[in-house]
Amino acid sequence: MTVTASAPRNQHDAAAPPAAPASGAPAHAGSSTKLELPPLKLGNLTVDVPVVLAPMAGITNKAFRRLCREYGGGLYVAEMVTSRALVERNEKSMRIISHDEDEEVRSVQLYGVDPKTVGAAVRLLVEEDRADHIDLNFGCPVPKVTRKGGGSALPWKTGLFESIIRAATTEAAKGEIPLTIKMRKGVTEDHLTFLDAGRIARDYGVAAVTLHGRTTGQFYSGQADWSAIKELREALPDVPVLGNGDIWTAEDAVRMVRETGVDGVVVGRGCQGRPWLFGDLQAAFDGRDTRFTPTLTEVGETFYRHAELLIDYFGNEEQALRDIRKHVAWYFKGYMVGGELRAAMATVGTLEQLRHLLDQLNPEAGYPGADAEGPRGRAGSPKRPALPDGWLDSRELNAEHQAMIAAAESDVSGG
Ligand SMILES: Cc1cc2nc3c(=O)[nH]c(=O)nc-3n(C[C@H](O)[C@H](O)[C@H](O)COP(=O)(O)O)c2cc1C
C-alpha cells in the first residue's frame, strides 16, 4: 500500500475554504532556493512534504491537526497515548487515537515502558486497523516519568530499550505499518544515548528515527543541539533521520536541513497558535517566499474555528472552551490585544462569549511582524534529571529497577 501524505487544502495561493482563516501578503523573503529534498519515505508511506507535526500532549488532537493540515502537506502525529491505557481501552485513549476521515495517514504515538504492553498496543492498532504510522516516545523528560525510569531515561537501559523495539517492530511488521522512534540526546551530556539507541532501532528495521537535540536535564531550556542531529544523520546512513528542536520559522527548517542533512523536520512549539506555519514550511521547501502574515481578525477567526473543532473533538462545549484557553497567549503573541481582553479570553466559558470577545478585537490591526514570531510554549531552566537511585551506574536493568519501571506508565501525560 502506498499512501501519500500531502494534499494541502489551504495554501497561501490556493482558494481558501469558506471557514478558512489566515492569509496575507508575504511578510519577509524566505530562502528562495528549492531544497533538493526528496519526499520522505517511511516504509510504505510517502510524505510529499518532509515535515512532521511533533506529537504534543494536550495539543495535537485531531482538532489542531485539522487546522494544521489545511495549510500544508506533511505528517501529523497525534498526541501520545500510553500503551497500557490503550490496551485497556480507556475512553480518553480511544479519543486520542481517533482521526478524521480525511486524515490520509492516521499517525499515533505510543508511550510505554513494558515490552509486552507496548507490543500489545501495537498489535491492537494493527489488528483493528487504527493507524497507518506508529511512533514510539522515548523523549519525555517529565520528572514523574523519568524518576521511574521511563521516557528519555529509558534508552539508557539498552536491554530494555531493545526489548521494546523488538516487540513493537515485530507487531508492526505484521500489518506492514511503519514504526518510528522519537528520542532525546540522552539523560545528560555525560550519559548520551542517541547513537546507541538509533543503531538498535535501525537494526530492528524502524522506518525513521527522530532526534530532539536536548538531554533530559535540559528539559526545554537553552538551544537544541543540531550538531547531534547531524552526527546521528551521519552515523545512520541507511535509515531516514528527522531533526527536531527549535524550528520557529520556515527559514529555521530550511537551515536545519542544510546544516544537518536530515531527511525531514519535526516541528512542535513553533506551530502553537500558528497552524499556518505548515503553509510557510511547504512554501519554503518548494522554494517559494510566500509566508502567512495574518491580520488580527484572521487570527481571531482561526482561534474561533479551533474552539469549534475542539467542541467536535470533546463532544462537550465546556471542556473545549476550557482547553482553548491555553492557546490564547500563543495565538495573540505580538498582536495588539489589551490585557483585559486577553484575560477574558483566557477564562472564556462558551462559544457565544468567545464570539462576543473576538468582536472586540481591533479590525484595523495587521500582522505585527517579528513580535508575532519566535519562541513560544514550554521553556524553563535545566534541572538535574529525576532518576531512580543508581540508574546511571549501569546500562543493565537490575531487579529493583525492573519492578519500578512497571510503575512508570501509570498516570503519564505528555512531554
Ligand atoms: C506541550 C508539549 C507536549 C509534548 N508532548 C509530547 C508527546 O506527547 N510526545 C513526544 O514525543 N513529545 C512531546 N513533546 C515534545 C515535542 O514533540 C518536541 O520534541 C519538543 O517540543 C521539541 O520540539 P520544538 O522545539 O519544535 O518544540 C511535547 C512538547 C510540548 C511543548
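Where is D129 found? D129 sits in the loop between α4 (115-127) and β7 (133-138), and we come back to that loop in one of the views below.

Before the views, two notes. Residue numbers start from 1 along each chain, following the sequence as written. The model is predicted, so take it that local features need pLDDT of at least 70, that side-chain atom pairs count only at pLDDT 80 or more, and that totals for chains, interfaces and linings use all residues.

**View 1. The whole protein and its confidence.** Mean pLDDT (the predictor's confidence in each residue, from 0 to 100) is 91 for the protein, with 90% of the residues at 70 or more. Residues 6-31 are another matter: pLDDT stays under 50 there, and the model has 68 contacts beyond four places in sequence for this stretch. Two residues are in contact when their C-beta atoms, placed from the backbone, lie within 7 Å. Over the protein, 75% of the contacts with a separation of 6 or more are between residues 24 or more positions apart. Helices (H or I, at least four residues) and strands (E, at least two) are DSSP runs numbered from the N terminus. Of the 415 residues, 53% are buried. Buried stands for 20 or more other C-beta atoms within 10 Å of a residue's own, exposed for 12 or fewer, and partly exposed for anything in between, with C-beta atoms placed from the backbone.

**View 2. Around the ligand.** There are 25 residues around the ligand, and A54, M56, M80, G268 and R269 come nearest. To be near, a residue needs its C-beta atom, placed from the backbone, within 6 Å. Sorted by class, the shell holds eight nonpolar, twelve polar and five charged residues. Here Ala, Val, Leu, Ile, Met, Phe, Trp, Tyr, Cys and Pro count as nonpolar, Asp, Glu, Lys and Arg as charged, and the others, Gly among them, as polar.

View 3. Six of the six residues of β7 are buried, so the strand is largely enclosed by the rest of the structure. H133, D135 and N137 point one way from β7, while I134, L136 and F138 point the other way. β6 (107-111) runs parallel to β7, joined by four bridges. Strands count as paired when DSSP finds at least two bridges between them. Look for L110, whose bridge partner in β7 is L136.

**View 4. β8 and its partner strands.** β8 (179-188) is mostly covered, with nine of its ten residues buried. Five bridges join β8 to β7 in parallel, and T180 of β8 is the bridge partner of D135. T180 also has a bridge partner in β10, namely A208; β8 and β10 pair in the parallel sense over six bridges. With β9 things run antiparallel, over two bridges.

**View 5. Helix α7 and what covers it.** In α7 (residues 194-203), the buried residues are F194, A197, G198, I200 and A201. Seen down the axis of α7, they fall within an arc of 165 degrees (taken from the directions from the helix axis to the C-beta atoms), so they line one face of the helix. Their cover includes β7, α6, β8, β9 (191-192), β10 (208-215) and α8 (226-235). After α7 comes G205, with a positive phi near 85 degrees.

**View 6. Loop residue R106.** R106 lies in the loop between α3 (91-96) and β6 (107-111). With 22 other C-beta atoms within 10 Å, R106 is buried. Leaving aside neighbours within four places in sequence, R106 is in contact with H99, R130, A131 and D132. R106 and D132 are 26 residues apart along the chain, yet their C-alpha atoms are separated by 5.0 Å.

View 7. D129 is not a glycine, but its phi is positive, about 50 degrees. D129 counts as exposed because it has 10 C-beta neighbours inside 10 Å. E176, in the loop between α6 (158-174) and β8 (179-188), is not a glycine either, and its phi is positive at about 55 degrees. E176 has 11 C-beta neighbours inside 10 Å, so it counts as exposed.
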